[in-house]
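Subject: Handover of a structure, with notes

Dear colleague,

I am handing over the structure shown below for your study. Please keep it open while you read the notes that come after it.

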Amino acid sequence: MEPHSCVNMLAFALVLLCPLASALANPISLYSSSTLTSCLCDNGLNFEVSHNSTWQTDTTPFNLRFHYTPTAIVYPTLTSDVVAAVKCANEFGVHVSALSGGHSYSASGYGSRNGALVIMFRDMAQIKYNSSDATATIQPGARLGDVALELNDNYDRAMAHGLCPYVGVGGHAGFGGWGLASRNWGLLIDQVVAADLVLANGTAIHVSNSQHPDLFWAIRGASSSFGIVTQYIFQTHQAPATVIRYAYGYENPNLSADAFAKLLTSYQTWGLTAPKEIGIVANVLQGGKVVELGGYYMGNLSDFNRISDSLLHATGSASTVYVEERTWVAALIEVGGGTPLSTIGKPDVHDTFFAKSLVTPTPSPLTYTSLATFASYFAHAQIPNTASWFVQFELWGGGNSVVSSIPANATAYPHRNHLWTIQFYARSTTTWSTQGTEFVNGMVSAITDNMNGTPLGAYANYIDPELAGWQSKYYAGNYARLAAIQKEVDPRGVFMKAQNIGAPDL
Ligand SMILES: Cc1cc2nc3c(=O)[nH]c(=O)nc-3n(C[C@H](O)[C@H](O)[C@H](O)COP(=O)(O)OP(=O)(O)OC[C@H]3O[C@@H](n4cnc5c(N)ncnc54)[C@H](O)[C@@H]3O)c2cc1C
């Protein structure tokens with residue numbers, strides 16, 4: 001991107017004030033915008049407003065169902081740039097939102113509204129390994145694929161994080177950050193040892209267990225409500241030389257609800273005692289005609305064979321079997337769908353979709369009836385011709401999983417004694433139809449209506465802006481403490497947006 005010229009911007013702002021129609025359409029935001037932009041200029045910040053050549057690209061979110069128009073986008077290179085931008089926004093009463101990888105399901109990085117000042121971390125994506133204590137200092141704009149490559153290729157190190165190479169560290173580490181290594185190493189938030197944070201009043205602080213512990217607690221699960229993280233320090237792990245990649249396919253061509261429910265309940269029971277070294281997901285694919293149990297095992301083949309025997313003993317023999325020893329990087333590429341891990345210089349991808357999640361408590365596993373009703377629902381419900389869907393039953397807990405070994409109140413992320421996070425995802429190749437939304441809602445209700453009142457949570461990184469009662473579903477018993485801290489550190493609501501702590505329900 002060409003660096004922003006403040007001189008040109010001011011000339012443009014004057015021209016912009018002239019057309020009567022646009023001035024009348026939104027006189028306040030127009031006035032506020034020109035004043036805010038002078039403040040950004042005066043502070044020497046690199047930023048864009050709507051006439052810049054990359055504006056279109058930079059304001060197109062991952063999920064094309066959404067579109068928000070920022071007042072301006074700031075591209076910091078230093079924490080002090082973020083401080084200056086937040087101070088300008090404070091001065092002119094503009095909301096601020098951080099945008100790192102831009103992969104939010106609801107375009108929440110744009111502030112969930114028009115007119116926010118967006119701080120885009122495109123130019124703060126450094127990944128630095130600290131050999132003295134085996135930590136990595138990582139800026140929020142770094143993408144997961146680049147983090148994995150840099151740590152592995154140069155230092156033989158690794159972390160547990162999500163599967164998609166393009167997801168940004170900034171959002172991912174803010175709300176959880178699950179991947180197939182998480183049962184062994186924890187969520188990405190569990191690997192955070194410290195962070196640098198810019199608060200709503202423009203103060204920059206360092207947070208850790210010993211410095212601002214309340215804020216350190218709060219940003220590990222609900223970061224965007226409390227500040228803008230300008231760098232994280234993560235604990236890293238020895239990268240495995242190889243892991244065992246595996247996938248077992250189960251076909252169900254006649255969409256039998258009984259066969260589906262038996263398979264999933266067997267997988268669920270097996271998961272209750274599964275060793276932490278196995279990362280596993282049940283993917284429901286091809287309109288429910290195929291269920292694939294797959295992931296990777298962080299150990300050797302003979303140990304894997306023993307564990308897979310117990311899995312197959314529970315779930316029955318599969319119609320397709322894939323078991324291969326793979327290098328760490330090759331396995332990450334495979335589970336990411338074959339996309340190379342390096343994202344540098346590559347154009348971002350987009351989708352048009354609606355997704356929801358359910359998080360299931362370990363003491364109240366899903367019932368046979370809820371799973372059979374779910375299967376019966378997807379076998380008969382109508383979805384638009386242009387839409388397709390998948391559902392993932394991700395095993396987060398069970399056995400000696402590290403995710404479950406952490407107390408529910410140790411970080412803001414509360415769902416620790418939980419077995420599955422289930423993701424329901426429908427996408428369209430054309431514009432979105434509400435029929436797709438109804439289909440996904442129907443899948444979720446088929447399960448929740450048959451769980452005898454068991455409260456099921458939701459995962460804030462699979463953000464669902466239509467979720468009623470999101471406060472307790474995302475944050476359970478941690479919400480009250482989060483709300484109290486939020487009121488103290490951002491009383492004017494500089495970072496306020498949909499589903500941030502303190503925001504009203506829909
Ligand atoms: C294709 C795809 C695959 C995914 N796979 C997984 C997966 O395997 N596991 C998993 O757990 N999740 C997964 N996710 C969900 C993903 O973790 C979230 O969407 C995540 O929030 C995206 O982070 P981002 O930085 O890319 O997004 P952004 O849109 O930039 O940000 C998302 C949210 O975080 C806030 N935020 C961003 N940066 C900062 C910052 N520096 N300081 C404070 N707040 C900030 C934003 O304001 C916004 O509210 C996936 C998402 C996609 C689209």
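Predicted model: local features only at pLDDT ≥ 70, side-chain atom pairs only at ≥ 80, totals over all residues.

Residues are numbered from 1 along each chain as its sequence is written.

**Domains**

The domain assignment, which is automatic or taken from a database, gives domain 1 (6-123), domain 2 (127-239 + 479-489) and domain 3 (242-474). The centres of domain 2 and domain 3, taken over C-alpha atoms, are 24 Å apart. Their contact takes 34 residues from domain 2 and 35 residues from domain 3; two residues are in contact if their C-beta atoms, placed from the backbone, lie within 7 Å. On the side of domain 2 that touches domain 3, at least two residues each come from helix H6 (144-155), helix H7 (169-175), helix H8 (182-185), helix H9 (213-222) and helix H17 (479-489). Helices (H or I, at least four residues) and strands (E, at least two) are DSSP runs, numbered from the N terminus. By class, that side of domain 2 has 20 nonpolar, 9 polar and 5 charged residues. Here Ala, Val, Leu, Ile, Met, Phe, Trp, Tyr, Cys and Pro count as nonpolar, Asp, Glu, Lys and Arg as charged, and the others, Gly among them, as polar.

**Sheets**

An open sheet of 4 strands has the order E1-E2-E4-E3, and its pairing is mixed. Two strands pair if DSSP finds at least two bridges between them. Strand E1 (47-48) and strand E3 (96-99) each have a single partner strand, so one side of each is left without a neighbour in the sheet. Strand E2 (residues 72-74) pairs with strand E4 (residues 117-120) in the parallel sense over 3 bridges, and Ile 73 stands opposite Val 118 in E4. Helix H5 (residues 79-91) lies across E2, E3 and E4, running at about 175° to E4. Such angles run from 0 to 180 degrees between N-to-C directions, with axes fitted as lines to C-alpha atoms, for helices over the stretch in contact.

A further open sheet has 5 strands in the order E5-E6-E10-E8-E9, with antiparallel pairing. Its edge strands are strand E5 (127-130) and strand E9 (204-208), each of which pairs on one side only. From one strand to the next, the twist averages 20°. E5 and strand E6 (residues 135-138) are joined by 4 bridges in the antiparallel sense, and Ile 127 has Ile 138 in E6 as its bridge partner.

Strand E18 (residues 418-428) is mostly covered, with 8 of its 11 residues buried. A residue is buried if 20 or more other C-beta atoms lie within 10 Å of its own, exposed if 12 or fewer, and partly exposed in between, with C-beta atoms placed from the backbone. E18 runs antiparallel to strand E16 (residues 353-361), to which 9 bridges join it. E18 also pairs with strand E17 (residues 387-395) in the antiparallel sense over 9 bridges. Among the bridge partners in E18 are Thr 421 for Val 359 and Gln 423 for Gln 392.

**Helix H12**

Which residues of helix H12 (residues 328-335) are buried? They are Trp 328, Ala 331, Leu 332 and Val 335. They cover an arc of only 100° around the axis, which puts them on the same side of H12; the arc is that of the directions from the helix axis to the C-beta atoms. An α-helix has 3.6 residues a turn, so residues three or four places apart point the same way. The buried residues of H12 pack against H6, strand E7 (157-158), strand E12 (242-251), strand E14 (290-297) and strand E15 (320-327).

**Single residues**

Most residues other than glycine have a negative phi. Ala 107, however, has a positive phi near 55°, and is found in the loop between E3 and E4. Ala 107 is buried, with 24 other C-beta atoms within 10 Å. Asn 452 also has a positive phi, of about 50°, and lies in the loop between helix H15 (434-448) and helix H16 (470-475). Is Asn 452 buried or exposed? With 9 C-beta neighbours inside 10 Å, Asn 452 counts as exposed.

Yours sincerely,
A colleague
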